[in-house]
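Me: I would like to go through this structure residue by residue, with the cut-offs stated as we go. Please look at it with me.

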Amino acid sequence: MDESKGPSHYVRLTKEKEPLEEITPGELNQPVQVPQLVVHRCLECGQPLPESYEPPADEDWTTGVFGCFEETESCVTGLFCPCLLFGQNVETLRDDITRNDACFCHALCVEGGMVIAAATLFFHGIDPQTSFLIGETLVFAWWLCGIYNGLFRQSLQKKYHLKNSPCHPCLVHCCLHWCALCQEHRELKNHLSDNVYMQMTLLKPPPVQVMTSDGQKQEEPAPALPPSTVPNGNDEQPKLEITPV
């Protein structure tokens, strides 16, 4: 076909290339989460549990909510600086929250409301307007105290299968906040101190074999192992010898 007589009826097809996506190094090597392979285990014993399993909350607390004087240190800390004791409890219970963050949130929500109410009463005195403001601030701080601290108390109960004692966690912190903080601190301390006694087993390594120039094997004594620091009932250390094959 002569192109000089008229326009061409052919259309040139071109393939447009899409811009390449930038891939950072190591982006494609991330682990893949497969829900069917996720195994729920008990936090205490590590036993596999079904997906629909809910641990029964039937364990008793090791100490009562009014046993503050059983440990003087936590009692004094919870009375004069409850935000610090709350930060210690959260740091022991949760790995993703630091002590300073928990302490700051508690001081902002609970102690902050009490300070605002006290400052309003000091500068403006008691009158119908300021009384309503003071009451509203105290109620708001009381509500935050019960909700915020009750959630962490509920997490503690789920972890150790504890029952509601004496009532719902949020209601306990609303009515007995300082006593509840001391009880939670003692509970965490008691569970962390319950170390299981396990006997150590000493393994005696095989003697070292050295090949001499005349083709004979010589055995060198194995290095001595330090004595075990965990004695048994007869003050004898269990021995297990491994002989070369």
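Me: In which helix does Asn89 lie?
Reply: This is a predicted model, in which local features need pLDDT of at least 70 and side-chain atom pairs count only at pLDDT 80 or more, while totals for chains, interfaces and linings use all residues. Residues are numbered from 1 along each chain as its sequence is written, and side-chain values use heavy atoms, with hydrogens and water left out. Helices are DSSP runs of H or I with at least four residues, numbered from the N terminus. By that assignment, the run covering residues 82–93 holds Asn89, and this run is helix α2.

Me: Is Asn89 buried or exposed?
Reply: Buried means under 20% relative accessible area and exposed over 50%, with partly exposed in between (1.4 Å probe, protein chains only). Because the relative accessible area of Asn89 is 5%, this residue is buried.

Me: Which backbone oxygen does the side chain of Asn89 reach?
Reply: Leaving aside neighbours within four places in sequence, Asn89 is in contact (heavy atoms within 4.5 Å) with Leu181, Glu184, His185 and Leu188. At 3.3 Å, the backbone oxygen reached by the side chain of Asn89 is that of Leu181.

Me: With which side chain does that of His106 form a polar contact?
Reply: His106 lies in helix α3, residues 99–124, and is buried, with a relative accessible area of 0%. Among the residues that His106 touches, not counting those up to four places away in sequence, are Phe86, Tyr148, His177 and Leu181. A polar contact is a pair of N or O atoms within 3.5 Å; within protein, one must be able to donate a hydrogen and the other to accept it, and residues adjacent in sequence count only if both atoms are side-chain atoms. The side chain joined to that of His106, at 3.0 Å, is that of His177.

Me: How many disulfides does the structure hold?
Reply: A disulfide is counted where a pair of cysteine sulfur atoms lies within 2.5 Å. By this criterion, the number that the structure holds is zero.

Me: Which cysteine sulfur is nearest to that of Cys68?
Reply: Cys68 counts as buried, at 8% relative accessibility. Cys68 is in no disulfide, and the nearest cysteine sulfur, 3.8 Å away, is that of Cys179.

Note on methods:
Helices (H or I, at least four residues) and strands (E, at least two) are DSSP runs, numbered from the N terminus.
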